[in-house]
Amino acid sequence: MKSNVLKLWCLALVVAMTFLTACGTKNDDGSKTPHGEQEGGNGQETSIELNFMHFNVKESSEGGTLAFYDAMEMFKDNNPNIEIEEEILGHDAYETKIKTLAAANELPDLFVIKGSMVSAFVESGLINPVNDILEQAPAWKDGFMDGVFNDFKMGDNIYALPYSNKSTHIIYYNEDIFEECGITSFPASWEGFKDAVGKIRDKGYTPIALGNKGKWVVGSCILSTLGDRFTGTDWFMSIKDRKGAKFTEPEFVDALAAVQELAVMGAFNADMNSIDNMQHKTLYYGGKAAMFFEGAWAISSISEEAPQEIADVTKLAILPAVEGGKGDAKAVSAGAGWGYNMNAELQGEKKQAAVEVFKALTDEKQAKISMEYNAMPASNPGEYDESKLTPLFKQYADIMAEAKSVPVYDVQLEPAVIEVMNSGLQELLIQATTPEELAKKIQKEYE
Amino acid sequence: MKRRRLLGKTLEILLNVMMLLFSFACIFPLIWMTYSSLKTQKDFSLNIISLPLAPQFNNYIEAIRTGKMHIFFLNSMFIGIISVVFIIAIGFITAYCLSRFNFRGRNLIYVLFLFGMLVPVHSLLVPVFVQFKWLGLLNKRLTLILPYVAFGLPMAIFLLESFIKTIPIEIEEAACIDGSPIAVTLMKIIMPICRPAMSTVLILTFLHVWNEFPFALILIKSDYLKTLPVGLTNFSGQYSVDYPRLMAALVIATLPVIIVYLLFSKKIIQGMTAGAVKG
C-alpha cells in the first residue's frame, strides 16, 4: 500500500515538472526580448526597440487619444528604424500596474506618470530629470505653455513632459434657464452669483447639479478655484512648499464657508453625495439643472451625449470675482496631470530615440493636431484651423487664453491631506461639520 | 381558526413579496446591463434606466472589432479550463492523501496549504512579479495558470479533505480485499462519491479564475494574452467611459459564467450542504 502511495506522488511530481518545463521553454523562442544587448556590436540596420506603456485606449473617442494616435502613426512612418511596442491599459488599471512595476524596479522604457508619483519615483532613482533634454532643444522647450511643468517639479528639476493642459474648473450653464429666471448675463461678482442661484432655485430648477460621490468633484472642480479666489495663489504655494501658511487662516475658512453657504441655500441637488459626476450631467441634460461644475473634459461629453437642444444653449463661464478675496478673478485651476518620462536606465541611441518620440508627442505640430481634435495641449499650438473647433471648445479656448492657471489641490497636495479634505467637504455639504472644524482637521493632517 | 389561517396567508404573501423584491434587486442589474448594451451613448446618458428606443447591435460589433473581446474571451476560457483541471486533479489527490494517511509532517503540509488562503493577493503582486521575471515566465500563454493553480489549491484541498473524511473507510477496505489497487480505488470509488464536493470546487475556482484581475494585469503584457477582466478596462478612457459599449462587453463576459452556474447550480448546493452537515 505504501509503495503505491509513493508511486502516486511520483507520478504527480513528474506531471507537474513536465508542465513547468514545458511552459518554461516552449514559448521562449517565439517571444521577443526587449533588451537588445546581444546585438549591440553590429550597429548596421538594427532597429531600436522601445516599449511604451500608456493609457490611450483604442476604444476611446477622447480628443487627446485621437491626437496621440495621429502623432504615433506619423512618428512610426517617419522613423521606420524605431520600433515601438505599446502596452495599453485602461486609466485605472494603468495606475495600478505602473506602481507595481515601479516597486519591482521593472519600468518599461517609456511611460506616463502623474504629478503625485514623481517624488516616489525620484527617490527610488527610477527617473531622471528631463531638464537636459529640454535644454538641448530650446525651440521645443519654449513651445510649452506657462506653468504646465508645475505638477512635475521638484526644486528646479522637471520630471515629466506634459502633453495636455486641462482646467478642472469650468461652469457649464444653460442660457435658457438663466434667461427664464431673469438673469441676462453670467454674474460678474460672487454676490451676484449667489443672487442668481436664489432666483433659479425659486423657479424650481436645481441651480447646480452636483455629483460628489467620488469625493473629488467638489475639491477639484469647485474649491481649487473658489479657494484661490479667497486666498490667492501665494498662500497655496506656501502650503505646498511648507513655508508657514496654514489651512486655518481666515481666507481658507471663508472659502470653505462659501461652499457650505451654497449648500445651505439649496444651490445643489439634495442627493449630491450619493450620485457621481456622470449622473450630475444627466440631471443637466434633462433640463432640470441650470449649471454644473466640472473640468474641461466634460466639453466633449456635452457635444457627444447631450440632447441637441441642451447642447445648443450651453455656455461656459468661470467663477466670478470674490469681493475682498486675495485671488485673481481670472484664475482657473488647471494642470497637466500626466506627463511622459523614460526609464532612468535608457542610454545612448535608445535614449535619443525616446527623446524623439516625446518630441513628436508634445511639439507644436502635435499641439495643433490636438487643438483641432478639441483637446487642450500643453504646448502652444501656433496657427490652427479654428473651423475644426466645436463652438463650446472655442469658448473654452477663449476663456483659457485670458485665464491664469492655478494649482489643482488634489494634484499637488499629499494624498492623506486630500483624503481628509475631500471627505470633510462631503460632510460640510450636509452640514455635519463647520468650516472652522474642517479647516482644523485638514491642518492637523497636514502637520 | 379562520382568523389564524388568514394571518398565515397574509404573512405568506408578505414574505413572498419580500423575496420577490430581493430577487428582483439581484437580477435587475443583469437585465439592465443587457438592454443598456443595445442603447447608444447618447440615449444612455439622457436616461440611464430607460429601455432602448431603437435597439442596435453596434456596441457588440465594436466590442469585438476594436475591443477584441473574442480574444480575451478565448484566453479566459483557455486559462480557466486548464487551471480548474489542474486544481481538481492535484487537489483531489493531495486531499485524499492528507485525509487517509498518517505520516510525519502531514499536519505541517495541511497547515501550509491552509495558510495559502490567508495571504492577501495584493501583498504578493510584487514578489510574484519579480520571481516570474527571473524565471522568464512573464507574458506567456501559460503564465497565469501557475498562480491560479497555486491560489486555487488551498481551498480545493480544504473542501475535498473534509469531504473525503466523511466517506466510511470500510468502502476502501472492501475494495482492497477484493483486490483493487489504490489507483483504481481512488478513481473508480472515491472520485464518484466526491462529485458534489468537486463541483463546488470546480465552480468556485472557475469563478475565481474567470474574475481574477491583479495577476492578469501585472504578469501579462501582450494584448493577445490578456484575459477578460483586464480587457474590460480598455473601455474606460481617462475622462469618460462609453457605458453602452462596456455593457456589451460585459454581457459577453458574464454570459458563460451564468451558463456554468445554471448547469451546476444543483450540484453546488448539494456539495455545500453535504460538507456542512457532516464535516
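Are A:Y284 and A:F292 buried or exposed? Both A:Y284 and A:F292 are buried (under 20% relative accessible area with a 1.4 Å probe and protein chains only, where exposed is over 50% and partly exposed lies in between). Please keep in mind that this is a predicted model, in which local features need pLDDT of at least 70, side-chain atom pairs count only at pLDDT 80 or more, and totals for chains, interfaces and linings use all residues. Residues are numbered from 1 along each chain as its sequence is written, chains are lettered from A and ligands numbered from 1 in the order in which they are written, and side-chain values use heavy atoms, without hydrogens and water.

Let us turn to the rings. Phe, Tyr and Trp rings (the six-membered one for Trp) pair if their centres lie within 6.5 Å, and planes under 30 degrees apart count as stacked, over 60 as edge-to-face and the rest as tilted. By this rule there are 35 aromatic pairs over all chains. A:Y284 and A:F292 are edge-to-face, because their centres lie 5.0 Å apart and their planes stand at 70 degrees.

Strands β8 (residues 170–174) and β10 (residues 289–294) of chain A run antiparallel and are joined by 4 bridges; strands (E, at least two residues) are DSSP runs numbered from the N terminus, and two of them pair if DSSP finds at least two bridges between them. The open sheet has 4 strands in the order β9-β10-β8-β11 (chain A), with mixed pairing. β9 (206–209) and β11 (314–317) of chain A are the edge strands, each with a single partner strand, so one side of each has no neighbour in the sheet.
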